[in-house]
Amino acid sequence: MGSDQSVMETIRRIKSVIRQDAPFHDRVRDVLHIGNQYLGLEQGYLSRVNDQTDKITVVASAEPTDRASDLGKKSEFIDRHCWRTVKEDGIVALHNVLETDFAQETSEDLQPGCYIGTPIKVNKGLYGTLGFVGVEPRPEPFSDADFLFVTLTAQVFERELVHRQFDSELTRETNRAKILNRVLRHNLRNDMSVIRGHVQLMAEQLEDDRPGATAFQHIDELLELCQKARELDVIVNAESEYELTDITTLVEDTADTVAESYPDATIELQADEPVRAEVMPSLKRGLRELIENAAKHGGNSPSVTLTIDDTDSTVSIQIADTGPGLPDIEADVLSHGEELPLSHGRGLGLWITYWIVTSHDGRIEPSVSAEGTTLTVSLPRTAGTGSKQGILKLQRARDRYEAAFEEAPDAMVFLNDDARILDANAETASVLGMSRKNLLGRSVREFYQGPEEFDTLWSEIMDSGKSRDTIVIESTDGNEYVLEYSSKTEILPDQHFLINRIVETRSQS
């Protein structure tokens, strides 16, 4: 008991306790113990009410004294006082239970001497009650300061329960997203690679190549979707640093890259002079997605115009095309990062752009007319504090891995349990004389001299975990290569890694 000042001092202690890094039950118990001390009572508890089953569950109670322990053994008084508090939907304060009509509802040995409690609500819904009880009646009614203390303590619990509920929901959503992402990035991609290999074998035996071409188109679109899911995962979870960058050169280089892939598209840059801004390296990836999208969906002989404007505080990049127009669902992704429940965009590319631009504290504004679509990317010239140095650069370890795999002078390949190729770097494609796309799903047995012997070799590789030896493979150009290989199984579940170095070339010409 005390004044309003002592109430606020005690609440500050309670807030300090509830913020500690400790299990929820322990923090609640310590807060209730502080409440017992302040009110001069023996027991405090936080209850959970299930109004569908009419069940009361005590979430936590204060450290018991001998008298409070005896009181706690008679749990019926908690149920009765909880339900009364719930029914009255406000603070219930009984300084002498025996003098109230409530005393007639229960036997004398189940009655505490006094009680004060209040409902606990989370997101406007009933959670339970906060209650404090004493073995003996109080000589005076509970004071206004006591009412204030119980009200403020309840508010502390309510805020903490809201945070716990939010964290729980966020954890569930995060776990669900991780599962879906893993399935998309690994399982689906690996299975589609294997399917592609089998379709390739079947297509080679057909006189009509149209069914095979259609199948390859859809398979490759799914593989591209998986790859972009991997990129999006990197973007969302990575960190970055801003660099002062010539935006004009950046856009020009990006446009040149897209033009190589879409030779039928006319891509023109309109910029009078260099424009500089602090951006992350990932911006190039986001702009490439937008320019590529314009070239890809701009119809026959698409025309794409890039314009750069700037002010003292912002830089804007316009991508205008002559295509049929951006669908509303795609515009929603770029503008708000949202999709309607019953309609979804064509892929993850625009999501990648959205994440990149918004992490720069920028925005994308689409404009669709009869002449085509114009997308305006607006960015601050100076890096703001809102992005906390961004979330978009590849982490150094992942960056080093990507560079090592893509640019290594040795042939590197990931295989599944059946020795089918799940991923291969550029050097592997060069050695085997096939494009990386056409290698996906093919069995290494196809290139090994003596396919029957390969089964024995592969069993030894799988059994050893790590191994090193030499093998002879035959490239599609007719040459034979003696490769020194190093293997490591189970890099990921059902994925195995081989590094191959050419030690001898045997020309068949």
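**Entry 1: terms and ground rules.** I take helices (H or I, at least four residues) and strands (E, at least two) as DSSP runs, numbered from the N terminus. With that, I looked up Thr-307 and found that Thr-307 lies in strand 9. The model is predicted, so I note that local features need pLDDT of at least 70, side-chain atom pairs count only at pLDDT 80 or more, and totals for chains, interfaces and linings use all residues. Residues are numbered from 1 along each chain as its sequence is written, and side-chain values use heavy atoms, with hydrogens and water left out.

**Entry 2: the whole chain.** I counted 14 helices and 17 strands in the protein chain. Next I looked up burial. Buried means under 20% relative accessible area, exposed over 50%, and partly exposed in between (1.4 Å probe, protein chains only). Of the 509 residues in the protein chain, 44% are buried. Then I looked up contacts, where contact means heavy atoms within 4.5 Å. Among contacts in the protein chain with a separation of 6 or more, 63% are between residues 24 or more positions apart.

**Entry 3: back to Thr-307.** Is Thr-307 buried or exposed? Thr-307 is buried, because its relative accessible area is 17%. I left aside neighbours within four places in sequence. Thr-307 is then in contact with Gln-270, Ser-316, Ile-317 and Gln-318.

Entry 4: I followed the pairing next. Two strands pair if DSSP finds at least two bridges between them. Five strands form an open sheet in the order 7-9-10-12-11, with mixed pairing. Strand 7 (266-270) and strand 11 (363-369) are the edge strands, and each pairs on one side only. I also noted the twist, which averages 15° from one strand to the next. For angles, axes are lines fitted to C-alpha atoms, for helices over the stretch in contact, and angles run from 0 to 180 degrees between N-to-C directions.

Strand 10 (residues 314-321) and strand 12 (residues 372-380) pair in the antiparallel sense over eight bridges. Ser-316 stands opposite Ser-378 in strand 12.

Which strands does helix 7 touch? Helix 7 (residues 247-261) packs on the sheet and touches strand 7, strand 9 (303-310) and strand 10. The direction of helix 7 makes about 175° with that of strand 7. Helix 8 (residues 283-296) also packs on the sheet, touching strand 7, strand 9, strand 10 and strand 12. The direction of helix 8 makes about 25° with that of strand 10.

**Entry 5: helix 7 with helix 8.** Two packed helices are described by the angle between their axes and the distance between the axes. Helix 7 and helix 8 pack at an angle of about 45°, with their axes 9 Å apart. That makes helix 7 oblique to helix 8. On my scale, angles under 35 degrees count as roughly parallel, over 145 as roughly antiparallel, 65 to 115 as roughly perpendicular and the rest as oblique. The residues that meet include Leu-250 and Val-251 in helix 7, and Leu-287 and Ile-291 in helix 8. By class, this contact of helix 7 with helix 8 has nine nonpolar, two polar and four charged residues. Ala, Val, Leu, Ile, Met, Phe, Trp, Tyr, Cys and Pro count as nonpolar, Asp, Glu, Lys and Arg as charged, and the others, Gly among them, as polar.

**Entry 6: helix 1 with helix 2.** How do helix 1 and helix 2 run? The axes of helix 1 (residues 4-18) and helix 2 (residues 24-39) come within 9 Å and cross at roughly 165°. Helix 1 and helix 2 are therefore roughly antiparallel to each other. The contact of helix 1 with helix 2 has seven nonpolar, three polar and three charged residues.

Entry 7: I found five strands in an open sheet in the order 2-1-5-4-3, with antiparallel pairing. The edge strands are strand 2 (55-61) and strand 3 (92-94), and each pairs on one side only. The twist here averages 25° from one strand to the next. Strand 4 (residues 114-122) and strand 5 (residues 125-134) pair in the antiparallel sense over nine bridges. Gly-117 has Gly-131 in strand 5 as its bridge partner. Helix 2 lies across strand 1 (43-50), strand 2, strand 4 and strand 5, running at about 80° to strand 2.
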